[in-house]
There are 2 protein chains.
Amino acid sequence: MTQDGRRLRGLRSRETILRQAVGLASVEGLDGLSLGRLAAATGVSKSGFFAHWQDKEQLQLDAVEWAARQWAERVVEPARRAPAGVRRVFALHEARLTFYGDATLPGGCFFFAAQAEFDDRPGAVRDRLARAMRDWQEYIRRMVAEAVTLGELPESVDPAQLAYEIDALGEMVIIHSRLHDGPAALLYARRAVLQRLRALCPDPALLPED
Amino acid sequence: MTQDGRRLRGLRSRETILRQAVGLASVEGLDGLSLGRLAAATGVSKSGFFAHWQDKEQLQLDAVEWAARQWAERVVEPARRAPAGVRRVFALHEARLTFYGDATLPGGCFFFAAQAEFDDRPGAVRDRLARAMRDWQEYIRRMVAEAVTLGELPESVDPAQLAYEIDALGEMVIIHSRLHDGPAALLYARRAVLQRLRALCPDPALLPED
C-alpha cells in the first residue's frame, strides 16, 4: 500500500471511530468514552486506535469537533437553501427538529448531553463545548438580525433575546420527547417558534400557517 | 437516649445526607453518588449511612424525592401566594428563575442534570424522574387552564403547548447561564414568558410591564 493509501485508510477509520464516539456520547455522555470500549465497539485494533488518540481528552475534543461539523452539515446547511430572512430563521429551527425527529443520533443530541455533563467542569472540553454553543447562538442571532435588516422582523426585536427563545424551544425537545411528551414535543416546539415568528413578521404569509 | 431521640437523630442525618446528595448530583449527576463518597462528604459514619441505604439505586430514588420536595417548597409554594390565573402562571416562572438565580443548588438544577443523564437508561430512577417531570408539566398546564377558565388567557390557548413553552424557556437558563450567556439568560427567560403572557392576556396590566 502506498503512503497515500495508508493515510486515506487512517482517515477513514478515524472518521468511523468519531461517528461512533459521538453516537455513544449522545447516549451516555462524553465521560463514558473510554478508549478501550470504543476500540471494542468499532472493531478497530487497539494499535490503530492509539495511532489517532493518546488520551481521552483529545478524543473528547475531536468528538466535539466532529459533532459540530455534523450539526453544520445537517442543520445549518439545509437552512441556507431557504431565502435569507424570516424563512431562513424558521428553516434553521425546522432543520434542527428534523435532526431530532429522525433520531440522527441515538441519544438525540450530542451537545445537549455533553453540556449538561461539562457545564460544571472547567477544562479544555468545557471550553470547546462553550465555544460551539456560542457559535450556534451567534449564528441564530445573525439570521435574526438579517431578517430585521430585510424588514421581515420589526426593528424592536432584540436578536439575542429571540435567539435565546428559538434555541430553548428547540433544545428542550430532547428531554421532553424522551421522558414524557413523546413526539408531541416536536409539534409544540415547531408551533411555538412558528407562531412567534408569524406574530412578529409584517408579512406572515412568508411562513406556513401551521 | 430514648428511642424517639434516636429516631429523630436518624431522620436528621438522613435529611442532611439527602441535601448534600442532591447538591452533589446537581453538579456531577446522580451516577456520581457513591455511598462511600457521600459518607465522606457528610461526615456521617459508614454504619450510620448504611442504616439508611443499602444500595445506590435507593439512594438515587430518595434523592429524586428530596429534590422534588425542595422544588415544591421553593418554586410551587411561593407561586401559590400569587392570585390564581395569569399572575400565578408568571409567578411560577419567576420563582423558578429565582431558584436558579440564587444558586440554591451548586449545579443549578438537580432535575436538569439527572434527566440528561437518565433519559436513555431504563429503570426505576428514570421512571421516577419522568414522573417528577410529568407532575411538574401537569402543574403548569393546570395553572394555565385555570387562567383560561378565569378569562385571563384566551380560550384558543392550548395549555399543553403553552406549558411546554414556559418550561423550555425556563429550563434552558441552566445551560445558557453556565456556559455562555451568564446572567443575561435569566433576563431573556423572564422577558420571553412575560411578553408571551402579556400578548395573550386580555388585561395585560395584570402583569408587570418589564
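1. In this predicted model, chain A and chain B meet in a contact to which chain A gives 30 residues and chain B gives 30 residues. On chain A, at least two residues of the touching side come from each of the helices H6 (110–118), H7 (124–149), H8 (159–171), H9 (173–179) and H10 (184–200). H8(A) supplies the largest share of this side, namely seven residues.

2. The secondary structure of chain A consists of 10 helices and zero strands. Its order along the sequence is accordingly written α-α-α-α-α-α-α-α-α-α.

3. Regarding dimensions, the C-alpha trace of chain A extends over about 60 × 40 × 30 Å along its principal axes. Chain A has 210 residues, and 42% of them are buried.

4. The contacts within chain A may be described by sequence separation. Of those between residues at least 6 apart in sequence, 65% link residues that are at least 24 apart.

5. The largest nonpolar core comprises 123 residues. The residues with the most contacts inside this core are Ala21(A), Ala25(A) and Ala63(A), together with Ala21(B), Ala25(B) and Ala63(B).

6. Leaving aside residues up to four places away in sequence, Ala21(A) is in contact with Leu33(A), Leu38(A), Leu59(A) and Ala63(A). Of these partners, Ala63(A) is itself among the residues with the most contacts inside the largest nonpolar core.

How values were computed. Residues numbered from 1 in each chain as written. Chains lettered and ligands numbered in written order. Predicted model: local features only at pLDDT ≥ 70, side-chain atom pairs only at ≥ 80, totals over all residues. Contact = placed C-beta atoms within 7 Å. Helix = DSSP H or I, 4+ residues; strand = E, 2+ residues; numbered from the N terminus. Buried ≥ 20, exposed ≤ 12 C-beta atoms within 10 Å, placed from the backbone. Core = buried A, V, L, I, M, F, W, Y, C linked by C-beta atoms within 7 Å.
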